[in-house]
Amino acid sequence: MAQFAANERSDAAGLLDAMLLLNEEQVATSIRSALDRIAERPRYRKRRVALYAEREFDSSMIFDVKMIPDRNGRLRRRAVGYNGPPAVRPVRGRARVGSEGFVSHLISQSAERWTKIFMNHPGPDRLRGKTAPAGEIVIVTDFLGSGTRVSTMLDKFWAVPTVRSWTSRGMVRFRVVAAAATPSALGKVRRHRLRPQVEAEWIAPTVTSTADYKTMLAWKRLIDKNGPEEGRGTGRYGFGEEGALIAFNYRLPNNTPAMVHHGDSNGWQPLYVGSAPVELRGLFGVRSLDQAILSAADANGVEFGHELTEEDRQAILVLSMLKGRWHRGAEVALASRTSLPVPTVLDILTRVLKAELITRSGRLTDKGYKFMESGRAGERKTPVIATSSLPYYPETLRIP
């Protein structure tokens, strides 16, 4: 915090406090749960599921392709190989493999648990196997920041003639599973020509999507003035200009502002490099749902009445922020603003709809208005903050 000018520290504290913090166990639980749900669903054409960790590739195609004669003797381009691409491999001479090793380990665990359903990085010969062919290809990652890397990986699947043939004939479909994602990355990946299903439990807030307009401008001024002009091959707002406000206890994504994840020759220090230092590890603890609801209400200026149940507080928070506007995908915006998991937001919305507090279009019913008035002490534009004669600037991040 000392790196910022005195008149900037309040804005800097607010930006850091808005960051979504996820620890390794939360990420692992999100990915395992998503894979378990896939394994428990009716399988596409009762076929198996192929799992691949998201990573960079030097080659133009995900599989090797050879000219193989067909039954009529004509040479055809055909993907070959029993094993698929290695789950972990540094590219361009780098020694660091990022989070691929962690994700690859989670894939291995799920494949061992669901041996008759999941295949761990199979090659095309296993995908087309006569006894147990694959009907779905799933790319797994911890974070979709800009969506560029996973989209590039999908391009490399599409570049394989055999995969294009399977897709056009409806023999295989694609899915992307992420622990967390930005709203823009979700949209980008879903628009890929392979039209994958994309799911993420946590929605990362961004500089432009989280705060009110005045605060957003203050944060932009802060980012434009402080830290390096470029981060890890990115601009001031991170790769893809995302300005993502998220941190993992084992890494800082390069989609975060450069001043958060990168230092410079002028002495600017990033929040941390690699894993979070000892003094910050306690911030990545797991909150209870009630703690998360109270924190989201405080951040968004919603004040609860007394003696409300936990479920009532959840409902009032979501109804206050929904404001009668519902559309498909609105749960992503709600999850981003509240730092609550998407499944939790959907559960709350399902409950208030069943209780007839809202219509299917998201508008409050008369019953909903009465519920809000009876359970909410009122709204305030900004949280009430205790004051003192001396200024105080927090130096920690908010726990998700």
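Predicted model: local features only at pLDDT ≥ 70, side-chain atom pairs only at ≥ 80, totals over all residues.

Author: Helix α12 itself covers residues 289-299, and its buried residues are Asp290, Ala292, Ile293, Ala296 and Ala297. They take up an arc of only 160° around the axis, so they lie on the same side of α12. After α12 comes glycine 301, which has a positive phi, near 70°.

The aromatic rings are the next topic. A search of the whole structure finds 8 aromatic pairs. The rings of tyrosine 52 and phenylalanine 157 have centres 5.4 Å apart and planes at 70°; because an angle over 60 degrees counts as edge-to-face, that is the name for this pair. Tyrosine 52 is in strand β2 (residues 48-53) and phenylalanine 157 is in helix α5 (residues 148-158), so the pair links distant parts of the chain, 105 residues apart. Tyrosine 52 has a relative accessibility of 0% and therefore counts as buried. Phenylalanine 157 also has 0% relative accessibility, so this residue counts as buried too.

Phenylalanine 157 has a further partner in phenylalanine 174: this aromatic pair is edge-to-face, with 5.4 Å from centre to centre and 70° between the planes. Phenylalanine 174 belongs to strand β7 (residues 173-181), and the pair links it to helix α5 across 17 residues of chain. With a relative accessible area of 2%, phenylalanine 174 is buried, because the cut-off for that word is under 20%. Ring pairs join Tyr52, Phe63, Phe157 and Phe174 into a cluster.

Apart from its neighbours within four places in sequence, valine 163 is in contact with Phe63, Phe157 and Phe174. Valine 163 and isoleucine 62 are 101 residues apart along the chain, and their C-alpha atoms are separated by 9.8 Å.

Arginine 55 lies over the face of phenylalanine 57, at 4.0 Å from the ring centre.

Conventions: Residues numbered from 1 in each chain as written. Heavy atoms only, no water. Phe/Tyr/Trp six-rings, centres within 6.5 Å; stacked < 30°, edge-to-face > 60°. Helix = DSSP H or I, 4+ residues; strand = E, 2+ residues; numbered from the N terminus. Buried < 20%, exposed > 50% of the residue type's maximum accessible area, 1.4 Å probe, protein only. Lys NZ or Arg CZ within 6 Å of the ring centre and 35° of its normal. Arc of directions from axis to C-beta. Contact = heavy atoms within 4.5 Å.
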